[in-house]
Each structure stands twice: as structure tokens, then as C-alpha cells.
Amino acid sequence: MELILAIGMGVLTGSGVWLLLRPRTFQVIIGLSLIGYGVNLFIFSMGRLRVNTPPVLQSGAVVNPADYADPIPQALVLTAIVIGFATTALFLVVLLVSRGLTGSDHVDGREPN
Amino acid sequence: METANHLMMMPIVLPLATGAVLLLLDERRHVVKAVISIVTALALMVIAIALLHSVDNATASSATTDVYLLGNWPAPFGIVLVLDRLSALMLVLTSVLALASLAFSLARWHKAGPHFHTLFQLLLMGLNGAFLTGDLFNLFVFFEVLLAASYGLALHGSGPLRIKAGLHYIAVNLAASSLFLIGVSLIYGVTGTLNMADLAQRIPAVPAQDRMLLEAGAAVLAIAFLVKAGMWPLSFWLPAAYSAAAAPVAAIFVIMTKVGIYILLRLSLLLFGVDAGATAGFGDSWLLFGGMATIAFGAIGVVASQAVGRLAGFSILVSSGTLLAAIGMADARVTAGALFYMVSSTLTIGAFFLLIELVERVQDPAAHVLSVTMEAYGDDMEEQVPEQEEVGVAIPGTLAVLGICFAACGLLLAGLPPLSGFVGKFALLTAMVRPDPVAGGGVIAGSTWILVALLILSGLCALIAMMRAGIQIFWAPIEGTVPRVLLLEIAPVAFLLTLCLLMTVQGGQVMRYMEATAQSLHSPADYLRDVLSTQPIPGPNAPRDK
């Protein structure tokens, strides 16, 4: 499981960084999204990978904390997803405006000669 | 203490509420919006000054650090707001700069696009929250709030030049936010906490095999802040984005580089200060040498820029580099000087950005085109500001007033007497070349001499660049194009420059505060005790026998 997750994060982040360095705005935004996914998985994995451990305690019963997953990274990742979504949407708007104003989808607003 | 404690939350809640209310008002009601916005900015300044007083006057008692438990959970479990001398100082600085930029924008800029006032208030909320929070992840949230608002503001006024600079600015900051998250989660994975005080307590006990991960996390986190602060080689986006932004926006953006500086100052001393065991002093030499590289890059940029806007952008880099290098020295007296320098340079560059807009009206169009082509950047997309009718009182003797303000900015940037730029630089240099006799110092490191030389040379570069710009603008022949400058536009500039003058006159007082701030930063034990020992307020039904 660790291996799959690690490879997944690596592939997502690696592709993201490559796309981020490309000259087209659409590639940049996809790159940023992919990096966002990689980072979100990374935050999640910082709570340690374990199966069959819910993050929420059951009320009433006496509980053994070792049977439960760390809820904090899961809460953090939710926040990060929401914020990442909002900023990506905002970036998309700027990208469209740039395309409309300059007539080019190059990140510098003009085609290289 | 009770009221002071609730007052502490106001710098976050007030702009949030104002921003929300302004969103509901129709765009056409400029006057109402402007009045609400400026009243809020005034109120924020009053609150910030009150908080500064309450922190400064709490002498012998335990409360040099005020702690506000959000959600009424004790410190490591709930999120806390922490107000100490440094946060209070930053709050005051933010509110002063905000008031000046907002007043300036009322002359014409606030009508140049939708939702200017809402975005501005949300930016203030993010800034104040970042200065007050005592929790790393909460810091991320406030960071995103201020960044999201700043994206909107950077594009305020539109135009191809702004869109292009804004696109780069957003992409860089989104990438930096990813690094921020990686750093925060690595630190959480190693230590199991996000509360800054709790982190400082746990870091000395981190086992040796995890230390590398912790340091990697801290380094990744620091890179996110260094992007904001503009350390070379992470700073190429900054001059373009700042010089393209509308004048009042650029002025408030000056404080945003200082957010990065503030966090680095706080975290490096809190987490990797004297008590941090094996990781003590982590990253200090990176900050020192990175800061020196930034000063050199900024100084060269200042001399090389033809457009005054870019000159101001590179001045920010010089200021950031100086502060980073000073943080890297990790010496309480250097920190005190650096704090003074930070306040002075922030006010100066803020005033300078506002002034540039006015000064550029003096240049006749031909000279302007010339300077743009000389600039080689964006020569084919010169910005076209639509001519707008301005209402208000124009000031007499425009050129004289603008010239005096410009000269004052030059003196402040170059660090020449008699203004506060000199006092700040002098305090920094004195602390550097006279090592602390108590600590048994006596030998000054070679790197310190290089830093001293760089500081003086950067002042010289600023002087040369400002003199050249001044001659081009004011002494070049102008044929009857004395611009109309409104009282409302020159007053904020004069206000900021007067504050710099006041800082010189009251230098002893201000320096005493800065020294107390630096002392408490360099001995974080009080901070830890105050944050971690604050008890929640018992509810009405809680048992009182504790």
C-alpha cells in the first residue's frame, strides 16, 4: 500500500511540475491541479497509513486510541481541497481573461518569435 | 484584561464583516462604500494602537503575551490567537499602510473595477489573521485568504500588462502554497502538533532518526515564505507584479512581503532558537547568505531600472534582503535594529508607490514613451489609462510638493540622515560591528563585514537611482504640463512620510519598544508558558471546584 501511494504521489507531482514549466496557460493550470492532488495525498499520508481504523470516536464506549486513525490530517486535507479548488477556479478566470485580451494562450501573453 | 482579550479578535472580525456588507451594496453606490471602508480602516488603526498599548504597558505581570482561545479549547488542542509585541507592531503597521492606500484610492482608483473595497477588506483580514494566529495550519488558511484577495487586487484596473503580471503572480503563489502544505504536513507527521508553542516545546525531544524529516519540512515551509518575502532566486516575479499593480494596491502589497519576513522571524526564533537542542540555529546561514544575495540583486536592479515603478519593486527586494540577513544573524540587538528598519522601509516604499503614480503625471508623454522603450520590457503593450474626470481640491505648487516628497523618499531609501531610514540602518550596522560583550564575542565574522559593505553599497545604489530618476522627472524641460494632483492624493503620501519623520524624532521611544520586542523573541520561554497555560473560560454550567 505504501508503495502504491508513494508512486501515485510521485507520478502526480512529477507530471504536475513538468506541466507547470510548460509555456501554455492550460498546461500550467492542469499542472497546478495535479500538484494539488499529489500534495493532498501527501497530507493524508502524514496521518500514517492504516486500514480499518475510522477517524471518528464512538460515543459512550470506552475507546482505545490505537484503534482509531488520526483525524487531524483528514480535516486538514479537506480544508486544503476546498482552498485548492477555489484558487484553481480563480486562476482559470484569469487565464480566460488573458486569452481574451491578448489572443494568445502563451503564459507571456504573446507567441515567442 | 477581559475586554482587551476580545478586542484582540477585532482585527480579523471587523474587516471580514465589513467586506461581507460591502459585497451586498450595489457597485454604483461609491460614496457609501468608500465611507464604510475608510471608517473600518480608521477603526482598525485605533484598535491596533490600543492593542499595542495594552501589550506594551503590561510590564511585570505575566501577560506580555495575550492569548485568545478560539472555541474555548486550551492551547495544543484548539486554535489560538496570540498577541505579543511583534504581532501588535505588525498590526499597527498594516493598519497605517491600509489607511493611507485606501484614502489614496478614493481619488479615482476605487472606481476602476468591481469590488475593490471588499477585496481590500478581505486582504486586511488575511494579513491581520496571519499576524495574530498561533497555529501553523490556521496560518495557511489566513495566507490563502490574503492571497486570494491579493489576486483580485493585483488585477484591479485590468489591462494586458496587469493580466500578464497577475497570471505569473498567481501561478507562483499557487505553487508556493503547495510547498507550504507539504512543509506543514511533514512537520505535523514528525511532531504530531501544529500549535507553534507546542511545536517549540516538542522539537528538542524529536528523536535523531526523525530530525532529518523535521528539518526537511521546516525547509520546505521556509521556501514558501521566502517566495513571499522575495529572497533571490525566488523573487523574479516580484518587481513585475508590483510595478504593474495599481498604485494603492502596490502600496498595500508592500506589507505582504513583510508577512513572509514576519513568519520567518517568528518561527526561526521560536522553533529553532536557543532552546531547540540539536536543531538550534537551523537555516540561519541560509537566511544570512540568501539575504545578502537578495540585497545584491535588489541593488543592481534598482540601478538598472529605468521605470520608477520597477525601481520601487527592486527597493522592496533590498529591504527584504536586509531583513532576511538580519534574521540570519540571530542576534537580539540586530533583530531590534531590523525591526526599526522594517517599519521605516515599509512606510517609505508604501509612500513611494503612491508617489510614483502622481509623479508619472508630471512626465510629458514623449518622455514616458522613451522610458518605456528604454525599459525593453513590455514595450509593445503600453498601458492605456482611460482619462477620467477628477473631482476634488487640487493642491497649489504641485511640482514643489511632489519634489519634496520625492526627495524625502530618496533620503529614506538611501538611508541618509535626517530621516528614519538612517536611524534604522545605523541601528543595524552598530549592532553588527559591535559584538555583544556579554556573549564573549569580540571577533566579527567575515560574512558580517560583507553584509555591512552590501548594506552601505545598496544605500548608494538607491541614492544614484533616485537622483537619476528625480533629474529625469523634475529637471527635464516640461512645456506647460503641470499635472493636477488632488489633496486627497498627496495627503496619504505626506502622512506616511510624516510618520517616518516622527520615528526619527521619537527614535528613542520606538527603539526601546523594538529592543523589548527583540528580547522577548529571542527568549521564547515566556511565549510558550503564556500560550500553553491559558485556561478556557468556564461555561455557566461548568463545575467551579477546579
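# Notebook: a two-chain predicted model

I started with a proline: B:P418 sits in the loop between α16 (398-414) and α17 (420-433) of chain B. Here helices (H or I, at least four residues) and strands (E, at least two) are DSSP runs, numbered from the N terminus.

Ground rules, before I go on. This is a predicted model, where local features need pLDDT of at least 70 and side-chain atom pairs count only at pLDDT 80 or more, while totals for chains, interfaces and linings use all residues. Residues are numbered from 1 along each chain as its sequence is written, chains are lettered from A and ligands numbered from 1 in the order in which they are written, and side-chain values use heavy atoms, with hydrogens and water left out.

I found another cis peptide bond, from B:W232 to B:P233, with omega near 5°. B:P233 is in the loop between α9 (208-229) and α10 (237-244) of chain B.

Next I looked up positive phi values. B:A330 is not glycine, yet its phi is positive, near 50°. I located B:A330 in the loop between α13 (308-329) and α14 (332-362) of chain B. Is B:A330 buried or partly exposed? With a relative accessible area of 35%, B:A330 is partly exposed; buried means under 20% relative accessible area, exposed over 50%, and partly exposed in between (1.4 Å probe, protein chains only). In chain A, A:R48 has a positive phi too, near 70°, and lies in the loop between α2 and α3 of chain A.

**Entry: chain A**

I counted three helices and zero strands in chain A. Of its 113 residues, 32% count as buried. I also looked at contacts (heavy atoms within 4.5 Å). Among those in chain A between residues at least 6 apart in sequence, 51% join residues at least 24 apart.

For confidence I checked pLDDT, the predictor's confidence in each residue, from 0 to 100. Chain A averages 88, and 100% of the residues score at least 70. Among the elements of chain A, helix α1 (residues 2-20) has the highest mean pLDDT (94) and α3(A) the lowest (89).

I then picked A:T53, in the loop between α2 and α3 of chain A. A:T53 counts as buried because its relative accessibility is 16%. Which residues does A:T53 touch, leaving aside its neighbours within four places in sequence? I get A:D67, A:Y68 and A:A69.

**Entry: chain B**

Chain B has 21 helices and two strands. Of its 546 residues, 59% count as buried. Among contacts in chain B between residues at least 6 apart in sequence, 81% join residues at least 24 apart.

**Entry: salt bridges**

My rule was a side-chain nitrogen of Lys or Arg within 4 Å of a carboxyl oxygen of Asp or Glu. That gives nine salt bridges over all chains.

B:R266 pairs with B:D84, the closest N and O atoms being 2.3 Å apart. This pair links distant parts of the chain, 182 residues apart: B:R266 is in helix α11 (residues 247-271) of chain B, B:D84 in the loop between β2 (80-83) and α4 (85-105) of chain B. Both B:R266 and B:D84 are buried.

B:D198 and B:R202 form another, at 3.3 Å between the closest N and O atoms. They are separated by about one helical turn, because they are four residues apart in helix α8 (residues 196-202) of chain B. B:D198 is buried at 5% relative accessibility, whereas B:R202 is partly exposed at 36%.

B:R529 and B:D530 also meet in a salt bridge (3.4 Å, N to O). B:R529 is partly exposed at 42% relative accessibility, and B:D530 is buried at 7%.

**Entry: where A meets B**

I count 28 residues from chain A and 28 residues from chain B in the contact. The chains bury about 2500 Å² between them, 80% of it on carbon and sulfur atoms; buried area is the accessible area (1.4 Å probe) that two parts lose on being put together, summed over both.

How many salt bridges cross the interface of chain A and chain B? The rule finds zero.
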